[in-house]
Amino acid sequence: MCQLLGMNANTPTDVTFSFTGFARRAGHTADHTDGWGIAFFEGRGLRHFVDHERAVDSPVAELIRRYPIKSRNVIAHIRKATQGMVSLENCHPFVRELWGRYWVFAHNGDLKDFRPRLHAHFHPVGSTDSEHVFCWLMQELSKSHAGMPSIEELTLTLRELAARIAPHGTFNFLLSNGQALWAHASTHLYYIERRHPFSQAQLCDEDLRVDFSAHTTPNDKVAVVVTAPLTSNEQWTAFQSGELRVFVEGECLPK
């Protein structure tokens, strides 16, 4: 299965520490070697990088590690292919426009017999089940709402849509429009909320430690969602199967 990483914060935040440990799973501490990608929101704009090479070798990944882009919403993905060839067009995260905003989606899992008809202007470029289901989600959201709804309304609609998809296989996903981060779990997904007083964190996948108190203010709030915990000395919360959560301003909103 693939690996997911999402971040939501109340202030533009550097994701380099988490991405460094995450990228090690693309060939060093795990065998997710079929491409990778990352998307950073900056206001209504988006920086989007994908590569079909391993993240541990990719010059593009090295750029991300050396050039810490600050963002309030980030989605990253490292791929272990189950459907679709190893190619650039099949690398997550995928991006589409809806209601004048970019939407970013990444999926971990394998969906069987779920290729619903797409009849709006959302169509996949590659051959993965993941991009197809993303296009269907965008299509159904646009059918359900005439314009940009509230985060609460979007969350209700996404819960209904995810429940229709999940019976077809493993459906762990991250979705963001730059305002919020939605995360749905079928199997493995964890999250952590970091806030004042910040402490030190030790990566699981690399001998690297950071003292967040030296890089934050008392007002900062950051939530990180990942397939498997990235740090060994922090308390991560596991999602329940079938659970969809939404993160806004660095916090997980109540259900």
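**Contacts, pockets and confidence in a predicted chain**

User: Which residues is Ala 39 in contact with, leaving aside its neighbours within four places in sequence?
Analyst: Ala 39 is in contact with Leu 46, Arg 47, His 48, Asn 73, Val 74, Ile 75, Pro 93 and Val 104, once neighbours within four places in sequence are set aside; contact here means heavy atoms within 4.5 Å. This is a predicted model, in which local features need pLDDT of at least 70 and side-chain atom pairs count only at pLDDT 80 or more, while totals for chains, interfaces and linings use all residues. Residues are numbered from 1 along each chain as its sequence is written, and side-chain values use heavy atoms, with hydrogens and water left out.

User: How far apart are Ala 39 and Val 104?
Analyst: In sequence Ala 39 and Val 104 are separated by 65 residues, but in space their C-alpha atoms are 7.4 Å apart.

User: And where does Ala 39 sit, buried or exposed?
Analyst: Ala 39 belongs to strand S2, residues 36-42 (DSSP runs numbered from the N terminus: strands are E, at least two residues, helices H or I, at least four). Ala 39 counts as buried because its relative accessibility is 1% (buried is under 20% relative accessible area, exposed over 50%, partly exposed in between, with a 1.4 Å probe and protein chains only).

User: What about the chain as a whole, how many helices and strands?
Analyst: The chain has four helices and 15 strands, and buried residues make up 55% of its 255 residues. Among contacts with a separation of 6 or more, 71% are between residues 24 or more positions apart.

User: What is the average pLDDT?
Analyst: The chain averages 88, and 90% of the residues score at least 70, on the predictor's per-residue confidence scale from 0 to 100. Over residues 27-32, however, the pLDDT is below 50, although this stretch has 19 contacts in the model beyond near neighbours in sequence. Where pLDDT is low, the predicted coordinates should not be read in detail.

User: Changing topic, where is Arg 194, and which side chain does it join by a polar contact?
Analyst: Arg 194 is in strand S9, residues 190-195, and its side chain makes a polar contact of 2.7 Å with that of Glu 234 (N or O atoms within 3.5 Å; within protein, one able to donate a hydrogen and the other to accept it, and residues adjacent in sequence counting only if both atoms are side-chain atoms). Arg 194 counts as buried because its relative accessible area is 8%. Its contacts outside four places in sequence include Ser 18, Phe 212, Asp 220 and Trp 236.

User: How about Thr 16, buried or exposed?
Analyst: Thr 16, in helix H1, is buried, with a relative accessible area of 16%. A 2.5 Å polar contact joins its side chain to that of Asp 14, and, setting aside neighbours within four places, Thr 16 is in contact with Ile 64, Arg 65 and Pro 68.

User: Which residues lie nearest the centre of the largest pocket?
Analyst: Thr 13, Asp 14, Phe 212, His 215 and Thr 216 lie nearest the centre, among 21 lining residues (a pocket is an open set of points on a 1 Å grid over the protein atoms alone, where a 1.4 Å probe fits, with protein on both sides within 12 Å along at least five of seven lines; a cavity is a set from which the probe cannot get out; lining residues have an atom within 4 Å of a point). Strand S1 (3-14), helix H1 (16-23) and strand S12 (221-226) each give two or more residues to this lining, and S1 supplies the largest share, seven residues.
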